[in-house]
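Visitor: I would like to know how the terms used for this model are decided. Please take them one by one.

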Amino acid sequence: MSLEIIGITVLWTFLFGYVIVASIDFGAGFFNAYSQFTGKEHILNKIIQRYLSPVWEVTNVFLVFFFVGIIGFFPKTAFYYGTTLLVPVSIAIILLAIRGSYYAFETYGTKGHRGYSFMYGLAGLFLPAALSVVLTISEGGFVFLVDGKPVLDYWGLFTSPLTWSIVVLSVAAVLYISAVFLTWYARKAKDWQATKAMRKYALIWAGPLMISAGGIVYELSFHNEAHFNRMMELWWIFGLSFLLFLGTVWLIWNRIKYGLAVILLIGQFALAFYGYGFSHYPYLLYPHLTLYDSFTNEAMAIALITAFIAGLALLLPSLYLLLRLFLFNQNYVQGRTK
Amino acid sequence: MVNDNALMYSRFLTELTLSFHIIYATIGVGVPLMIMIAQWVGIKKNDDHYILLARRWTRGFVITVAVGVVTGTAIGLQLSLLWPNFMELAGNVIALPLFMETFAFFFEAIFLGIYMYTWDRILNPRKHLMLLIPVAIGASFSAVFITIVNAFMNAPQGFDLVNGELINVDPIAAMLNPAMPTKVAHVVVTAFMTSAFVLASIAAYRLVKGSNHIYHKKALFLTMKLGFVFAVATAIIGDFSGKYLAKYQPEKLAAAEWHFETEEKAPLLLYGYLDDGEVKNAIKIPYALSILAHGNPNAEVIGLDQISEENTPPLYIHYLFDIMVTIGMWLLFLSFIYWVGTVRGWSLVKTKAFHWLIVFGGPLAIIAIEAGWWMTEVGRQPWVLRGIMRTADAATSSDHVDTMLLLFSGLYTILAIGTIVILTRMFRNNPVEQELQDRKRGGWR
């Protein structure tokens, strides 16, 4: 395997990690605000707080890791994406800042301010939209070179059905992932009311998820034909992903094995995510930038991969400890220990 | 060629973000060490006051960490958004420490979460203290790695530039650049120093406001002692930094010192102002600049006459240098008097007036941090990578930087107000006296 492929696989894996943990986080914020709005906050509040408090900071690191890594392995992305993404990414930063700080302000400072939790919930829905714009842009057709400088066609971007399909998909995915996870977590906590509520949300969001995913494949067939054709070559990956999706929904529908449902859910998204990534190969920004012409020098690539392995040796046991203490600890999850 | 407005606003926005971030970042680097020391002293002396101190500091610390994390994310992304050409070039050489910084940050984030939520779960206080070690190490090392990146911008090396192409890249050599040792040491030690004085000013404030509790006195003595130790270390490292500048970045030292003519036995100028190129009202300390620069009163110090005009940094950095050094010296003096006075039982250090001086120490230390960073950053102008890339060639070509500047100004205003309101409310509503009483009733832990 070439260094380029190792580099992008590492980064893609971290982005996948971010997609999963951030989805749980964003969705939880939304469900929390929604339950307050409908006067049922007592049902979800405790579960969500107990899960989020020890991990919110870690969630953010996955994102930092990805964007620092991509500049490190593929410095030219700074030129293309940095210049064009000023506005959408700045908006995402501001939303992230509002979320992160207000979460801390509310949890550790004053409790129960309604305005905060609405902002928190809403920001969580806008964030996937702001971040998923990057995926749309990477499909090509929105960035043009003017005098050798990349310029983003905002009008084209905002009027493209592809953009909106991806936005809808990201929001639906966030709510679906979060709901499935929290169904399992609430069940573990023996919080039957919360389990019931989250189970309902999971089933509600399963439909929009599949419809928007299908929509994107259709859009791609004429927006970026090369990518579409590569996706068709990898049809079996997406088919497998769809089967796992059916499995999750079936388990949730029948109220059995929520833990297995979460595993299938992660499998489903992993397959779809890597399948999408592979089919995008070799472009980072179609058609301007490929993996190969943006790759860093060999010395840096080797240094980064070495640092990465050393870092993982440190991180994985720590992450395991964190999960064991707060996710897989029956007493903590059920609120018997603080 | 370059969009002038985009350049100007990119500089404003970067300066704004960094100036805001370093307040939280400095506290984020220094306070974990203070928490660790307090908890360790508490275990050692079997004194619950220190344990409670660690606990209360941690609670406030989380709020600052949250804002530090989000503003850190902001500057991390802004580097690529506002300076794409710079990142494209420098990323080839300096990605390694950037990457390592996120590892350190990751490590800290994990263990901070564990530490905070296991106060009542890990009952052995020594074991619980162990959790703080990775937090403090992670915090310090993220400062180390990110400062290495900044040091590289001041003294780029570890590559060859041939016809605009980077070849023979050596990531380790880039990290071990000549600016690295003094910069890293200075940043880490001043973060410890600032955090100690910030915590001291909180304790002093409670005493000024009429509390006479032994808890605050213990907190004050501990933090002032630590502040003194780190202030001494800062002064020593500051001297090394002067010697580094004289050798590798003479234009920065000369501009900061208004040293116009290259000469031997150079005097150090403190204060004063520039009037039509003439220095007025400055205090001249003979030989001091030669000593600062080379450790020898007779040594020759390069002046601005040897630097071409387009490579001369703005001369106002002299004021920033003055502010930084004056505050550093003042805090060194103040903490020394407090330490000796407390040990010897002087009544001076127990007066309200003296406590007020300590209250102002924390904010002053933060002002010194800001002034120091502005001096070092502006002193590198007009280069973004000294000798390699000019700032003007690094900026984005996007048209929307001014709008973003407005948006981020609004964000930082909200975050600043939020932090202040939450922190005051948090501690005002639950004073130490109250918490100690609650604990007595409920038993310790």
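Guide: Contact means heavy atoms within 4.5 Å. By that rule, 62 residues of chain B are in contact with 66 residues of chain A. This is a predicted model, so local features need pLDDT of at least 70 and side-chain atom pairs count only at pLDDT 80 or more, while totals for chains, interfaces and linings use all residues. Residues are numbered from 1 along each chain as its sequence is written, chains are lettered from A in the order in which they are written, and side-chain values use heavy atoms, without hydrogens and water.

Visitor: What makes area count as buried between chain B and chain A?

Guide: Buried area is the accessible area (1.4 Å probe) that two parts lose on being put together, summed over both. Here that is about 5900 Å², with 80% from carbon and sulfur atoms.

Visitor: Which helix of chain B supplies the largest share of the side that touches chain A?

Guide: A helix is a DSSP run (H or I, at least four residues), numbered from the N terminus. Helix 3 of chain B gives 25 residues, the largest share.

Visitor: How is the lining of the largest cavity split by class?

Guide: Ala, Val, Leu, Ile, Met, Phe, Trp, Tyr, Cys and Pro count as nonpolar, Asp, Glu, Lys and Arg as charged, and the others, Gly among them, as polar. The lining therefore has 10 nonpolar, four polar and two charged residues.

Methods. Helices (H or I, at least four residues) and strands (E, at least two) are DSSP runs, numbered from the N terminus.
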